[in-house]
Amino acid sequence: MIHVARQGRWQGMGRLLLRATARDLRALVVPGPDVAAASGLELAAAGLRLAATPRHANLLLLVGELPGTLGDAALVLYAQMMRPRVCLLLGSAAPAALPISARAELSQTGLLEGVERLRECLSTQAYQKRVDTFSAPILSPSDSSQEENSDAAGDSGHHQMEHGDEGDGGMSFMSMVKVTKDLPRSPDGLPMDRIEVPFGPVFPGLPGGLSLTFTLDGDSVAQVKSETLRTTCLRTPQAGFLPDALLQAVCALDPLTPVSYRLLALRALTALGAPAQTPGAHGDVALLERERTVSHLGWLALLGRQIGFAWLQRRALRLQLACLRSEMADFPTLGKTLRRFDKQVRRNPLLRARLSGLGVIAPQAGLRGPVARACGLSTDARTGDPAYLDLAFEPRRGEGSDALQRLYLRLDELHQSVALVAAVLSRQRPVEHVSPAGRQPELSDGEAMASVETPRGEARLQLMSSGGRITAVEIDTPSRALLGQLPSLLRQQELGDALTCVCSLDLSPWDSAT
Amino acid sequence: MQTFFIGFFGLAAIVFAVAVFRTSSMMRSALALLFSQTALGALFLALQAEFLGVLQIMMMATEMSIMAIFMVMFMMDPGGLGGMDMSHQKRLSMIAGLGAVMLVSAIAAYTRWQELASLSQAAAADEQIRHLGRELLGRSMLVFETAGITILTAMIATTAVAVKVPAENASHES
Amino acid sequence: MSVLIIVLGLLAGAYAVALLEDRLTRGSFAPAAPLLAAAALLARESIVTRKPDRLLFETAPVLLLIAALLAAAVLPLSPTLIVADLATGGLFINAALAYVLVALLMAGWGPDGAYAMVGGWRFLGQVIAYSMLIVMPITAVAIRAESLLTTAIVGSQEGWWNMFYQPLGFLLFFIASLAVCFLPPFDRPSAEGELAAGVEAEYTGARLAILRLGRMVLVVSLAAATSVFFLGGWLGPWLPPWVWSALKVLAVAALMLLAGYYLPRVREEHLLAWCWKLGIPLALLNIFIVGVMVLAGL
């Protein structure tokens, strides 16, 4: 059902246009194509093209569960899309105000099915004599959050430069100096009007869900504000979590790396006395390392989109899906392809020029994951894991601290991960996750702590239980600390460089959610 | 035909020139000036001065765009939406404008157009370019080279003045 | 008559460019995709942003298209197939291309959106970097032809195409022409990952269709210019002249798109530094070498 069709009736020539509208689907993905890819969706195979802004899109594709803030963003984005427009929901829930044209399950078949249905209804109902207008409470002008959530730049252009009330009337030639004397100065001493521009939560070059607001001084970044997603999935209910509910809640935390967080929750529960549900220590390694490969490739695809490197974007996405869909036993055979890919990436001279010297982060305590390892620290939760030590694991380290080193490190880790999985396979056939026991496991009272090296760095989970329920949950994730570094890292960077810096950190808006 | 185009582009140049002062938007003002100059270039074309016309049309596009960014950067309210009065020194400009009009009219009135018209027909365009080349690299070479070097020097000097030496570097050097 | 043929040729070229662009970004070959995309754009709403400079907003896409068409007007597809064989042809094409800048500044300023505005001014920075690299190789080409007539320039390449006679100039002109068309790796004004399509961000429906068409025609015009100035235009054995022109134009256009596909976007500071510290000295060297070769009678 197309709730917001375009007004008009079309015949003859119009029919052709109708068919074209149905064939030419430009998708705006919420939260983002990165989440879609991590969920195993191949948008191109469904004939979808990615739109850079809601203005160019006619299909709003909602993937998975949207936390409250993203739901509001989806409403704003939908309002900015041109009619005829449709909305496809893959997954469970969407904001009630959003007119959903079709829903399907979160899988490639679901996507194909949904797109087929959208095409059908677009080619028959895209134009109606009477159209309803779309409105939602968040869109009313009194609601100031609209601008913050909107992806399209809204109105941050010249009309913000209104300064009507200052010294009108007697404004003489030289009063310019007087007018500008209180304005903040750029480093070059020129007073300029600054504009606040939202980047995200749905922005082509940033991870889906990450919402930054840059105060731009010309085209350099003067200030950065970041806003994290607000999720409620880890809010402890009054009576506490049942173990299964906790497992689900932690898994849902980050759609980009569900396996790592599932392992994290399982480990913490096991420490509290629940029966082990993981496929054994080495099986964990295989699952984690495959996800690391998938995640790093997803990051490369995002980087490719951010820096306008179409080849990298497409190639990394294809490899990511191949890794995600491969059977564990076949996974190491991808190693050769990955090595060739790595060589091609490293050989590109412009890529080196583009990334070197950007986003320098000095080695310091508190850094985790690839960002820490790229600048020479050996911070890695895996070094404390007997299963990894058994496989003679040694963390890779880089020798610089810029975006280029982070790229190299992640490329290195791709091969390392494949090698680790191959080593595991040579010892045992890995089983996928053990299916959960039928009844709720018994938990002992007390406190337990577990940690997992996710693709973005170490995540720690602390649980407190009493009476078989979990009463307190404390999670410590890798992206949150990095998010705090953004303002100092981006200050006075050119806009494009600033976004590349952000991208090079591989922040996950999900695991930094509050 | 030629007279029509001369008149048309001449009027266009004037209309755009008026538009420069009728708007408070810096961007519109700069672009109106650009199109006024472009119309002048087209006028040269209509006058069969092909090289001059094309050159004018080409140079003005970049120059006026660069002027536009400086106007937008340095002026308050570049969008012209704040209702700020942009005009100043009205009396002086009126006198200057009037003087210019009188001067131009005087030149037009005292030129012996008949004699000029009988003097020569415009050469073919490629012939003009050849003449121009010989002029630029012959008799007028010194003049043009001097002008060129002077402009280059001015550019370098301006850049040198504008670049602020960072404090730590300055202390190293001294 | 030749006007009609040239315009149709440009449209056909634009279609080919769109097709190839789609192929590169999506990976599958869909011959109807550009037409469908255009039809869908026309069928979609086209809105004006909230506080636009309406005049500039509406003019910009049309001006871009006109600039691209004018640039093509002085380029011959065969000895007789040319709209206007101006005595200042080599200069005129620069004049036409200068208005690409004006169109993009208008498109950036007009809609009153921050992404678009930054995109528009970015192109000004880009022009400052590349413009000399358009003009100076053309100068060297004109030196060899001893004329600014584009037909004479093609005629001067009977023996050696300029691509081999002055490879340095060809390389510089090719790179600069990528920057004129704001194609990757110089797509800074319309960068997707940095500005969410920049100057194109606020255009919708029919207006966006014209803007995109203008850009594609611009790519074809620049490819045609490269072919005329450096690849000997219509020259070639066996086939009729216009076929040679068409083949060369398409080949150059494909090369332009492919180059961008394998390269990441260039940073502003690098663009300026490379163009001025490396490009311009090389272009001067090229002029010098060509001058010596012409004097030596090669």
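# Exercises on a predicted three-chain model

The C-alpha centres of domain 1 of chain A and domain 2 of chain A lie 31 Å apart.

**Exercise 1. Find the bounds of the domains of chain A, and describe the contact of domain 1 with domain 2.**

Step 1. The domain assignment places domain 1 of chain A at 6–128 and domain 2 at 243–504.

Step 2. Nine residues of domain 1 of chain A and twelve residues of domain 2 of chain A make up the contact.

Step 3. Sorted by class, the side of domain 1 of chain A that touches domain 2 holds three nonpolar, three polar and three charged residues.

Step 4. Chain A has a mean pLDDT of 77, with 78% of its residues at 70 or more. Over residues 142–174 of chain A, the pLDDT is below 50. This stretch has 73 contacts in the model beyond near neighbours in sequence.

**Exercise 2. State the domain bounds of chain B and the separation of the domain centres.**

Step 1. For chain B the assignment gives domain 1 as 1–78 and domain 2 as 94–165.

Step 2. Taken over C-alpha atoms, the centres of these two domains of chain B are separated by 17 Å.

**Exercise 3. Classify the packing of α10(A) and α11(A) from the angle between their axes.**

Step 1. Helix α10 of chain A covers residues 310–325, and helix α11 of chain A covers residues 335–347. Their axes come within 12 Å and cross at roughly 165 degrees.

Step 2. Angles over 145 degrees count as roughly antiparallel, so α10(A) is roughly antiparallel to α11(A).

Step 3. The crossing of α10(A) and α11(A) is left-handed.

Step 4. From α10(A), the residues A:L312, A:R315 and A:L319 meet A:T337, A:L338, A:F341 and A:V345 of α11(A). By class, this contact has five nonpolar, one polar and one charged residues.

**Exercise 4. Classify the pair α5(C) and α8(C).**

Step 1. The axes of α5(C) and helix α8 of chain C (residues 167–180) come within 8 Å and cross at roughly 140 degrees.

Step 2. The crossing of α5(C) past α8(C) is left-handed. Among the residues that meet are C:Y130, C:L133 and C:I134 in α5(C) and C:L172, C:F173 and C:A176 in α8(C).

Step 3. The contact of α5(C) with α8(C) has twelve nonpolar, two polar and no charged residues.

**Exercise 5. Describe the side of chain C that touches chain A.**

Step 1. The contact takes 43 residues from chain C and 47 residues from chain A.

Step 2. Elements of chain C that give two or more residues to this side include α1 (2–26), α2 (33–43) and α5 (114–145). The largest share, six residues, comes from α2(C).

Step 3. By class, this side of chain C has 22 nonpolar, seven polar and 14 charged residues.

Definitions and conventions
Residues are numbered from 1 along each chain as its sequence is written. Chains are lettered from A and ligands numbered from 1 in the order in which they are written. This is a predicted model: local features need pLDDT of at least 70, side-chain atom pairs count only at pLDDT 80 or more; totals for chains, interfaces and linings use all residues. Two residues are in contact if their C-beta atoms, placed from the backbone, lie within 7 Å. Helices (H or I, at least four residues) and strands (E, at least two) are DSSP runs, numbered from the N terminus. Ala, Val, Leu, Ile, Met, Phe, Trp, Tyr, Cys and Pro count as nonpolar, Asp, Glu, Lys and Arg as charged, and the others, Gly among them, as polar. Axes are lines fitted to C-alpha atoms, for helices over the stretch in contact, and angles run from 0 to 180 degrees between N-to-C directions. Angles under 35 degrees count as roughly parallel, over 145 as roughly antiparallel, 65 to 115 as roughly perpendicular and the rest as oblique. A crossing is left-handed if the near helix is turned anticlockwise from the far one by less than a right angle, and right-handed if clockwise. Domain bounds come from an automatic or database domain assignment. pLDDT is the predictor's confidence in each residue, from 0 to 100.
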